[in-house]
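Here is a briefing on the structure shown below.

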Amino acid sequence: MQTESQLPAAKGGLSRPCPACGRTTAHVFRFRINGCDILQCEDCGLGRTETSGFDPAAYYTEDYFSGRRLDGYSDYLGAEPVLRREFARSVDFIRRYRDGGKLLELGCAYGFFLMEAARYFDVAGIELSAPAADHGRRAGLNVLQGVADAANLRRIGQVDVIVLFDVVEHLPQPRETLALCCQHLNPGGIIVITTGDFGSTVARSAGARWRLMTPPQHLWFFTQESMRRLSAGLGLAMEHVDHPWKIVPASLMVFQLRRMLGLRGKGVTAASRIGVPVNLFDAMRIVLRKAS
Ligand SMILES: [Zn+2]
């Protein structure tokens, strides 16, 4: 627990090991939100959440996916048709870089992306939430329940594609996890990552009110430069980066708007089946490739 008297000291002369730069760098205090300090690496722009006692296993429960948590997903299961259409587009995108082989998704939630990817790839997933992992297994998917540690990756074996959709910002040790992924990637294989862009105009102007500024759920806030340094340090080539349009369930948009405006209310299930194209250019999609 941080006390008020510790705060001034936290605002100047900070250095932290930066997982993107791969060394200790100077950090600047940006703001405090949800009881967490948000610091930023002065070299690469990577934002970090400083917190203590955050337990992911207790956090990613069924409540997280069903709209009972303000920072989670609104009615994820009800939005399946919209999410599946969006994931089918993601599969088309991935196939431009790798057309087949074995694909692993970290944080595969209910398995909707894997169900689409299974048309072209031999798929597997790792998911921390037990109810979500069970849902994928009942649909016939190969899903391990747990975290992406050495033991679970060994059980999956070598793969050609590893996908992390809005997951890397949740990882306690992103560099270590991506290094493990790299080890389990076949030569020429790719890692596809989506995450917020902390260097984007929207993120910089919104500051603590940015829609993705949700610590302690989000532990890291990447910039293009931090992603470039992180991948270079792991021997991966950054082959592509863009800010893609996304079709999202209308319910999720209403949900995020309500939260931004400080309104509470019941889930908006009826709007789950309607897809709305959005792009705030504050989220990036990255393709990293291992040398063949
Ligand atoms: Zn850095």
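**Overview**

The protein chain has 11 helices and 14 strands. Helices (H or I, at least four residues) and strands (E, at least two) are DSSP runs, numbered from the N terminus. This is a predicted model, in which local features need pLDDT of at least 70 and side-chain atom pairs count only at pLDDT 80 or more, while totals for chains, interfaces and linings use all residues. Residues are numbered from 1 along each chain as its sequence is written, and side-chain values use heavy atoms, with hydrogens and water left out.

**Confidence and chain totals**

- The protein chain averages a pLDDT of 88, and 85% of the residues score at least 70. pLDDT is the predictor's confidence in each residue, from 0 to 100.
- Over residues 1–11, pLDDT stays under 50. For this stretch the model has 11 contacts beyond four places in sequence. Contact means heavy atoms within 4.5 Å.
- Of the 292 residues in the protein chain, 51% are buried. Buried means under 20% relative accessible area, exposed over 50%, and partly exposed in between (1.4 Å probe, protein chains only).
- Among contacts in the protein chain with a separation of 6 or more, 66% come from residues 24 or more positions apart.

**The sheet**

- Seven strands form an open sheet with mixed pairing, in the order S7-S6-S5-S8-S9-S14-S11. Two strands pair if DSSP finds at least two bridges between them.
- Strand S7 (143–145) and strand S11 (236–242) are the edges. Each has a single partner strand, so one side of each is left without a neighbour in the sheet.
- Direction ignored, neighbouring strands of this sheet are turned by 15 degrees against each other on average. Axes are lines fitted to C-alpha atoms, for helices over the stretch in contact, and angles run from 0 to 180 degrees between N-to-C directions.
- Strand S5 (residues 102–106) and strand S8 (residues 159–165) run parallel, joined by three bridges. Leu-104 has Ile-162 in S8 as its bridge partner.

**Helices across the sheet**

- Helix H8 (residues 174–183) lies across S5, S8, strand S9 (185–196), S11 and strand S14 (283–290). H8 runs at about 150 degrees to S9.
- Helix H10 (residues 224–233) lies across S9, S11 and S14. H10 runs at about 155 degrees to S11.

**Zinc site**

- Cys-18 (SG), Cys-21 (SG), Cys-41 (SG) and Cys-44 (SG) coordinate the zinc ion at 2.3 Å. Donors are N, O and S atoms within 2.8 Å of the metal (3.2 Å for Na, K and Ca); water is not among the atoms, so sites may look incomplete.
- The site is tetrahedral, with angles of 107 to 115 degrees among the four donor atoms. Four donors count as tetrahedral if all angles lie between 85 and 135 degrees.
- Along the chain, the donors follow the spacing C-x2-C-x19-C-x2-C.
- Cys-18 is buried, with a relative accessible area of 3%. Cys-21 is buried, with a value of 16%.

**Backbone details**

- Pro-215 and Pro-216 are joined by a cis peptide bond, with omega about 0 degrees. Pro-216 is in the loop between helix H9 (201–206) and strand S10 (220–221).
- Ala-109 is not a glycine, yet has a positive phi of about 50 degrees. Ala-109 is in the loop between S5 and helix H5 (112–117). Ala-109 is buried, with a relative accessible area of 8%.
- Asp-166 also has a positive phi, near 55 degrees. Asp-166 is in the loop between S8 and H8. Asp-166 is partly exposed, at 24% relative accessible area.

Notes. Four donors count as tetrahedral if all angles lie between 85 and 135 degrees; four count as square planar and six as octahedral if opposite donors are over 155 degrees apart and all others between 65 and 115; anything else is irregular.
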